[in-house]
Amino acid sequence: MFIQKVRDFLNAKLTQHVSAAFSSQGVLAQSITGFNRREVQVEMAEAVANAIDKKANLVVEAGTGVGKTFAYLIPALLSGKQVIVSTGSKNLQEQLFYKDLPALLDMFDLTPKVALLKGRNNYLCQHLMEKELAGTSSMDTQVLDDLLRINQWAGQTTDGDIGGLTAVSENSAAIPLIVSAKETCIGQRCDFYDECFTRKARNKAKDARVIVINHHLFLADRILKETGFAELLPDSDVVVFDEAHLLPDIAVTYFGQQCATRQLADIFNKLIEIYRFQLRDAKQIELLSGRCAALLNQWQQALYQIGDSDWRRLQSNKALSILSWDLVKEINALQSVLTGHVGRSDELDDALEKLTVLANKLELFFLCENNQAAYTVDYGHRYLVLRIAPINVANECRKLFEPNVAWIFTSATLQINRDLSLFTQQLGLNQCQEMLLLSPFDYQNNALFCVPRHLASVNNHNAALTQFVDVCVKAVNAAKGRTFILFTSHRMLNAVAPLLQRRVSYPLLVQGQAGKQSLLKKYRQLGNAVLLGTGAFWEGVDVRGRLLSCVIIDKLPFISPDDNLFRARSESIERAGKDPFAEISLPQAVITLNQGVGRLIRDEKDKGVLILCDNRIVNKPYGQAFLNSLPPMARTRDLNKATAFLEQIK
């Protein structure tokens, strides 16, 4: 009884501190000019405080403008507990660590150790850097120039975070050559082990009380714990997932398996190098490695000629099947030979260990035995990635979210038709508090949603393309540029861009011309630009004020029926007597559309027009699910009213 009273006292104390922080006389009001208390923000903050105290699960959809970042950070920091904040994007990760956390720690005079930890491929590897610089004689001039710039930066950086590298383009071909990777890491044998940026970042995280990571890193760490290997992250009292809507799809990647053929090719080349420079008496290593490399190349070329991404269908190709198992047989022979030389070379031992892991993955993929998974071939420029993706990860996720930890899940887009159950079911969350907090912004007066009349069917590509360009021209001219045009496919983007280029006088920024951040920076600098983008620009983009007055979307973002994972999930749902469209297609499309719509109104003073060129949202029964999930904008079918609204925005 006494212990319970103490707990109740502590619970009340944290909740009171949190409430006081948001009051008109509180820390935020004293520290932030023009601070306005938002009841929805306080409601969320108090719910987070309560979940922390009770070590409970909390799922919150917080509409744009709720202020969810402060609503979870403040109670987490005031609790004094070990906290992990996981995000879905590097941009938010860096905003939290470099902007929001320092501001709050200063306001509340708190001094916990904080750390930012990214996946290892975000850090410079000094070993690879030295290796690449030693082989510059046969290198492309541009790559060499970029490497020299990176090397100069390497002498100045304190953390080796590639995010801080501005001397070369984020798309530079030099970057993949010098970033840290598990496959190339040689551990304590490395000359740069003590100075290793990846190791330093991990050690710093272990000592921190507040750690900012991303979903990929969290899941990778949890799976390592499950297998009994050493983990990167300390046990925590509180875990907050921001951009939580991304978690289910990311979890599919981590509970599946993947095998990159480039890794196999690199190992074969490495083994030939080991023979030539270390083990000249082991001719078989060179012969078998060369045969494996040739077979791998032959097998890849056969796949490129077919072009199908569904391995289940590809299995019916007899010639390909024979080639596949010939490759496995040759790799097994190579492994046997390498085993006979274990202990003679550290590099050979390391290569054999990595080859064994990849060979097991390759054989598992070829067997294709799991009916509850999709087997997919991803085609790159020169190499393939073989993926096994489970249809349902709820059971696996359930094991991750152990008791005695407060698990907080939040995003601006989690609900379908005012219901959060799809999200909670996907992650296996059986017991959790659920909250739907509407945006405090005045959408009814500040935003207009237009679905123009007389639109052609989206399946009639030529007619839809012509109409879409006409709509874009009218809207862009009315908005004086200041427009995002979001596409559901690269095909449509590539068709629209040249047509629009000839008909509007405002600067056009097209995805692919430069990296995402470069395009956004230029968009903000120009002040009257039109940005054309696909999936990458549907979320995680924050452009406030009159710089963005119009968002145009080509059609409802339904997943392609040719997607292998979607097809596998659909078949599983059909076997259970349910409707794949209602269970998968519709919910995913609703959330994706909401993400795109969320680019428009980012501040309480923002005004803008959303135009969707897909009349299925008003003509089909399922359209109501989309409308019920969107912010409460005023609506019209009259494009002239939409352009008049745009012309009035000052």
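This is a predicted model: local features need pLDDT of at least 70, side-chain atom pairs count only at pLDDT 80 or more; totals for chains, interfaces and linings use all residues.
Residues are numbered from 1 along each chain as its sequence is written. Local features need pLDDT of at least 70, side-chain atom pairs count only at pLDDT 80 or more, totals for chains, interfaces and linings use all residues, and side-chain values use heavy atoms, without hydrogens and water.

Seven strands form an open sheet in the order β3-β4-β2-β5-β9-β1-β10, with parallel pairing. Strands are DSSP runs of E, at least two residues long, and helices are runs of H or I, at least four, numbered from the N terminus. Pairing requires at least two DSSP bridges between two strands. β3 (114–116) and β10 (433–437) are the edge strands. Strands β2 (residues 83–87) and β4 (residues 210–214) pair over five bridges. Thr87 has Asn214 in β4 as its bridge partner.

In helix α21 (residues 490–501), the end C-alpha atoms are 16 Å apart. Met492 and Leu500 are among its buried residues (buried: under 20% relative accessible area; exposed: over 50%; partly exposed: in between; 1.4 Å probe, protein chains only).

The count of salt bridges is 23 (side-chain nitrogen of Lys or Arg within 4 Å of a carboxyl oxygen of Asp or Glu). Arg222 pairs with Glu402, with the closest N and O atoms 2.7 Å apart. Arg222 lies in helix α10 and Glu402 in the loop between α17 and β9, 180 residues apart. Arg222 is buried at 6% relative accessibility. Glu402 is partly exposed at 27%.

Terms used: The expected span of a helix is 1.5 Å times one less than its number of residues.
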